[in-house]
Amino acid sequence: MSANAVRKIQDIKVNETLAKQLESTLTEMLSKTLRIDAAEIDVTRPLPHYGLDSIDAVTLAGDLEDWLNVDLPSTLLWDYPTVAAIAGFLEEQLDAMPEVKAKLEGRVTESKKQGVIDKDDLDDLDRLDPQQMDELLSNLIP
Amino acid sequence: MQTARIEHTVAQDAQDAQDAQDAQDAQDAQDAQERSWELPLQYRASEELERFLGDPNNPANVISFHNVMQWDEQEAFPQAAVDELYRFGMNHYYVPAAYGGRFTSYEEFQSMARVAARRDLTTAITYSTLIWSTLIWVGGNEQQKRHLAKVLRWTKDAPTLAYSEEQHGADLVANHTKAVKTEGGYRLSGEKWPINRATRSGLVAVLAKTSDARDSRSLSLFMLEKRDLDPAQYSNLPRVKTLGLRGCDISGIRFNDCLVPESSRVGEVGEGLELALRAFQVTRTLCAGLSLAAVDTALRSTMQFAVNRRLYNGTVFDIPNARRILSDAFLDILICDCMATAAARGLHVSTEQFSVWSVVVKYFVPVTLERTTQQLSVVLGARHFIRERHMSGIFQKMLRDGGVVSLFDGSTQVCLHALGLQLRHLLKTRRREQLTDDGARRTRLTTVFSLDETLPVFDGTKLDLFSRGHDDVMQGLVAAINALRALQGDEALGVTVLSHLKQMAGVLEQALRDFDSALEAAAEAGQHPQSALMFGLASRYAQLHAASACLQMWLHNRDALDAFFAGGEWLVLALDRLLAQPQTQKPDLPDAYHQRVAQQLFYLFDEYRLFSIVPLALAKTESMAMNAKKEDRHEC
Ligand SMILES: Cc1cc2nc3c(=O)[nH]c(=O)nc-3n(C[C@H](O)[C@H](O)[C@H](O)COP(=O)(O)OP(=O)(O)OC[C@H]3O[C@@H](n4cnc5c(N)ncnc54)[C@H](O)[C@@H]3O)c2cc1C
């Protein structure tokens, strides 16, 4: 995972809306499940393309359910097979669940407050070994 | 020296007295056997089927070991045996009562299948393609259900399952067979192979691509009736030679731009994979019955030899190591029986959780019992390798035929993979919920485990691809251990056994803690879900599930089943067998427990009863039984 990737995730977290927040979290989950670089995941590309098979997708729907603490169909990722589509679906669902939405929006604001990583920090990132990088990344994921 | 010897003698006397007492206790227990329990109602149909099919040792019966072995040698399709099951009306048990059939519960159904399969797995596996009707009961429309009910009840047409392709096995999404929409239906092209009963069946459940994408919504399911198709547009593939199931019609089917009606599609377009996986949850669970049947005959055949074969002034059964292998085999059966019976009942109760239960059972039972049968071959010796004479050579056939169960319908690897993926969720939910006493779960578990509780009607719409971290059997473990700790010894349950059980509960708790930490470590390390480590953890989970099922089965049925079951010695040994690892701290268990298990094994063998926690009565031919024993004595 390059520092570039981390920067990209961080940027999304800091600057974007709820939909983007959902997208970035989904991308993170996927990159973990599929063991690929988050930067490589195109949010509009069907997930099977990245090697996500049918039962992996079901498990990932379970992860989402856990994360949002809402009931989701176990075939969610079969019917919404891109990151953008899932995020769109979730955002719609969340409109009906103000509590969950507020919590997530709280998170968005929270990460905005934390501010952008400055240039020096980014250089530090380049020196992290893979394990440290993993730790850092897992802290970024809600 | 002197004192030591006296002490020894005193100890010896005490031991002798203890032995005499044990023998007396065992005798009393045995006397109580017949009186103290009644066959649960749902097992009556199995006894009836047993009586109908008759003693398989008697060549005069259609499904006799003699005939079965002849068909096998000739690689002949067991048509007469299939007809015999139709004559009994077995087909009606595949149709839900709501559609005029006799199906009431999977527990009853599985037990009946076991009774049929203990005679011949080839016949059972041929006949059991009727179970693919599950696809319609779970996902079909009203008209499809009514029609299939009629076909199953009043004709001998049976469905076959055509999923696999030569180039694509477990990876269904990679299939090539296509269904292209056309006016009034679909045009099907592609080849399905190897398929059980492909050539002989009248109905074919086909999974085909309805979209070019390689995703989970690209498949649709069709239930075709061959008589509706143009014979020029499909052909059956030649039968393949197999190691076991040599009489089965293992062949295939090819579709050449074959027109199939719209009405043959089951469920919505793109729903094929989902339906397939949901129906597998039922059939995978039921596979346990086939393995239990095969091992019953393997053990019976070995016992027949072991108790009659005389050497060194005794019988094989008198050789302690041989006896231990036999009693351990019986323990394996009891363990798998607890797990499989709970699961067959659980289908009605904890239906939403079967993405977990079904793979636990489908992995654990066949693999365990195939190993058991291998062990038995050590005792049967030369005769396990001979295709005739001793019980017509049925042992080696069961060994060959039984081997297929861990391979089809979602292989061991596929099941461990699927289970491994859910382990994290299972752990999280169990952690979160085990300390709360969930009344609904308690009620469910009582229904699952108490064999005299009535089961609710099975509702296939509840089958789900993900269990959301739930597995009642494992989530109920803490409560079960607490219930065990609160028990006091009584007439049926000796204080020593109870104390050993309580110690084993401690071992179980420790095993669970060890498992949980190993799983957490694996999750943190981001283990690949198909790594050897994850498969090992999934396998361990299945063992723990088995241990929990045994404990809860015992707790709930101490009053309902026989004195042997209530006595609990088997449970101590079963837990020991499931949990012990080299480093485990565990109590020294008395040999008397093993003797008790061996004694029950002998009793069930001698009395013609199923090797089971519910030892229902098997068919016997009075004169035959005597002759068989004598004949064997001669031969041995
Ligand atoms: C007697 C018999 C009867 C059969 N009847 C039918 C039938 O009626 N209908 C039908 O559709 N099929 C039937 N089959 C096919 C059977 O179900 C196939 O064996 C199955 O589809 C798997 O295909 P495969 O063995 O070619 O292996 P593949 O799926 O190609 O797998 C190859 C190997 O990869 C490994 N592997 C596969 N998946 C995983 C995973 N998820 N995780 C880890 N490792 C994995 C395993 O070691 C496996 O052996 C039958 C087969 C036999 C032998």
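1. The model is a predicted one.

2. B:Trp137 is also buried, at a relative accessible area of 14%.

3. Over all chains, the count of aromatic pairs comes to 19. One of them joins B:Tyr99 and B:Trp137: the ring centres are 5.9 Å apart and the planes lie at 20°, so this pair is stacked. B:Tyr99 sits in the loop between helix 4 (79–88) and helix 5 (106–117) of chain B, and B:Trp137 in helix 7 (residues 134–139) of chain B, so the pair ties together parts 38 residues apart in sequence.

4. Ring pairs also link a cluster in chain B, made up of B:Tyr86, B:Tyr94, B:Phe103, B:Tyr106, B:Phe109, B:Tyr127 and B:Phe458.

5. In chain A, the axes of helix 2 (residues 18–34) and helix 5 (residues 83–95) come within 9 Å and cross at roughly 130°. Helix 2 of chain A is therefore oblique to helix 5 of chain A. The crossing of helix 2 of chain A past helix 5 of chain A is right-handed.

6. Helix 2 of chain A contributes A:Leu18, A:Ala19, A:Leu22, A:Glu23, A:Leu26, A:Thr27 and A:Leu30 to this contact. From helix 5 of chain A come A:Val83, A:Ala84, A:Ile86, A:Ala87, A:Leu90, A:Glu91 and A:Leu94. By class, the residues of the contact between helix 2 and helix 5 of chain A are 11 nonpolar, 1 polar and 2 charged.

How values were computed. Residues are numbered from 1 along each chain as its sequence is written. Chains are lettered from A and ligands numbered from 1 in the order in which they are written. This is a predicted model: local features need pLDDT of at least 70, side-chain atom pairs count only at pLDDT 80 or more; totals for chains, interfaces and linings use all residues. Side-chain values use heavy atoms; hydrogens and water are left out. Axes are lines fitted to C-alpha atoms, for helices over the stretch in contact, and angles run from 0 to 180 degrees between N-to-C directions. Helices (H or I, at least four residues) and strands (E, at least two) are DSSP runs, numbered from the N terminus. Angles under 35 degrees count as roughly parallel, over 145 as roughly antiparallel, 65 to 115 as roughly perpendicular and the rest as oblique. A crossing is left-handed if the near helix is turned anticlockwise from the far one by less than a right angle, and right-handed if clockwise. Contact means heavy atoms within 4.5 Å. Ala, Val, Leu, Ile, Met, Phe, Trp, Tyr, Cys and Pro count as nonpolar, Asp, Glu, Lys and Arg as charged, and the others, Gly among them, as polar. Rings of Phe, Tyr and Trp (its six-membered ring) pair if their centres lie within 6.5 Å; planes under 30 degrees apart count as stacked, over 60 as edge-to-face and the rest as tilted. Buried means under 20% relative accessible area, exposed over 50%, partly exposed in between (1.4 Å probe, protein chains only).
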